[in-house]
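Welcome! Let's get to know this structure together through a few questions and answers.

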Amino acid sequence: MRKVEFVRQEPKKRKLPDPSLALDMPILFFFENQQLLLWLVEFQEDKAKFSIYKLLRYTTDLMEAHPHALVIPIVLFTDRTKWRKDVLRKLETRLNDRLFLHFEYMFFKLFDFNARDYYNINNPVVKILLPKMNYKKDERIEVIRQAYSGLFQLASRMLFDKYVDFIDVYAEVSEQEQENLYHEIIQHKETAMLAQYIRDKGMQQGMQQGMQQGMQQGMQQGIIQNTKENIIEALELRFGKISSEIIDKINQINDPAKLKELHKKAIQIKEIDSFGFIC
């Protein structure tokens, strides 16, 4: 493989009034023999909101934009509940012996996979998704640690900073768990570089102050501002340039709990137009 490229996560609109169609993770692979493979990875938290018809439109848009690539649609269902009803997995239109349309996608329900079985899989997407797989309650901290350390080893520092938040959102990591995770990371020799990276970014000091005397006001403001920047970055990563109106709404919020919830929404929403109403 020669190069991996993350494609912009918004296909073109057919008409101006059409709502934006957001993709979760289109990944373009370039190989030495010039072959292209485009993985369209769609994350679906609520299966009731999944539409195979929207996925078909996403897929054909990418096929039009990348006519020389082999486009493979994949849907990762991330909810951790038992299903009573399955989702539609293929579309087909035929008349007599003539087939006019056949569309299907690769289906994965992450809760059907045991996280422990994927600790040694060297794929950054797998590391991000570990907390959505199946594991025992007492394995939770280790699963999240494996996700952190695995992503750190496989991604550049810039990409690690961008995608580590996805782990926090998918795992719903609490402040207490973050403290426990930090101490777990320190104790493992194979994550020594990650521990040093955390020290360099000042996380150790912040956690110690949180356990002993609480965050100082200046650090709290720093966390608030950092969260705002992460919200804006997550939105622009998924939808491209966002409006100044939405940025102004985000900057006017100073409630850490509200900002944390907005950051989660920024990663999960399907349409940028709905975000302004959430603020």
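A strand here is a DSSP run of E with at least two residues, and strands are numbered from the N terminus. Two strands pair if DSSP finds at least two bridges between them. Please keep in mind that this is a predicted model.

Q: How many helices and strands does the secondary structure of the chain come to?
A: The chain has 279 residues, and buried residues make up 43% of them. Its secondary structure comes to eleven helices and seven strands.

Q: How many residues lie between β5 and β6 in their hairpin?
A: Strand β5 covers residues 90-95 and strand β6 covers residues 98-104; they run antiparallel and are joined by six bridges. In the turn of this hairpin sits N96, with a positive phi of about 55°. The number of residues between β5 and β6 is two.

Q: Which residue in β6 is the bridge partner of T93?
A: Six bridges join β5 to β6, and T93 takes part in bridging to β6. Its partner there is L101.

Q: Are α3 and α5 roughly parallel or roughly perpendicular to each other?
A: Helix α3 (residues 140-154) packs against helix α5 (residues 175-187) with the axes 10 Å apart and an angle of about 65°. Angles of 65 to 115 degrees count as roughly perpendicular. So α3 and α5 are roughly perpendicular.

Q: Is the crossing in which α3 passes α5 left-handed or right-handed?
A: Where these helices meet, α3 contributes R140, I141, I144, R145 and Y148, while α5 contributes E177, N180, L181, E184 and I185. As for the crossing of α3 and α5, it is right-handed.

Q: Which residues in α10 meet D165, F166 and V169 in α4?
A: Helix α4 (residues 157-171) and helix α10 (residues 256-268) pack with axes 10 Å apart, at an angle of about 105°. That angle makes α4 roughly perpendicular to α10. On the α10 side, the residues that meet D165, F166 and V169 are H263, K264, I267 and Q268.

Q: What distance separates the C-alpha atoms of F107 and P73?
A: F107 is found in strand β7 (residues 106-109). Leaving aside neighbours within four places in sequence, F107 is in contact with V75, F77, W83, D86, V87 and R89. F107 and P73 are 34 residues apart along the chain, and their C-alpha atoms are separated by 9.0 Å.

Key:
Residues numbered from 1 in each chain as written. Predicted model: local features only at pLDDT ≥ 70, side-chain atom pairs only at ≥ 80, totals over all residues. Heavy atoms only, no water. Helix = DSSP H or I, 4+ residues; strand = E, 2+ residues; numbered from the N terminus. Buried < 20%, exposed > 50% of the residue type's maximum accessible area, 1.4 Å probe, protein only. Axes fitted to C-alpha atoms, helices over the stretch in contact; angles between N-to-C directions. Parallel < 35°, antiparallel > 145°, perpendicular 65-115°, else oblique. Left-handed = near helix turned anticlockwise from the far one by under 90°. Contact = heavy atoms within 4.5 Å.
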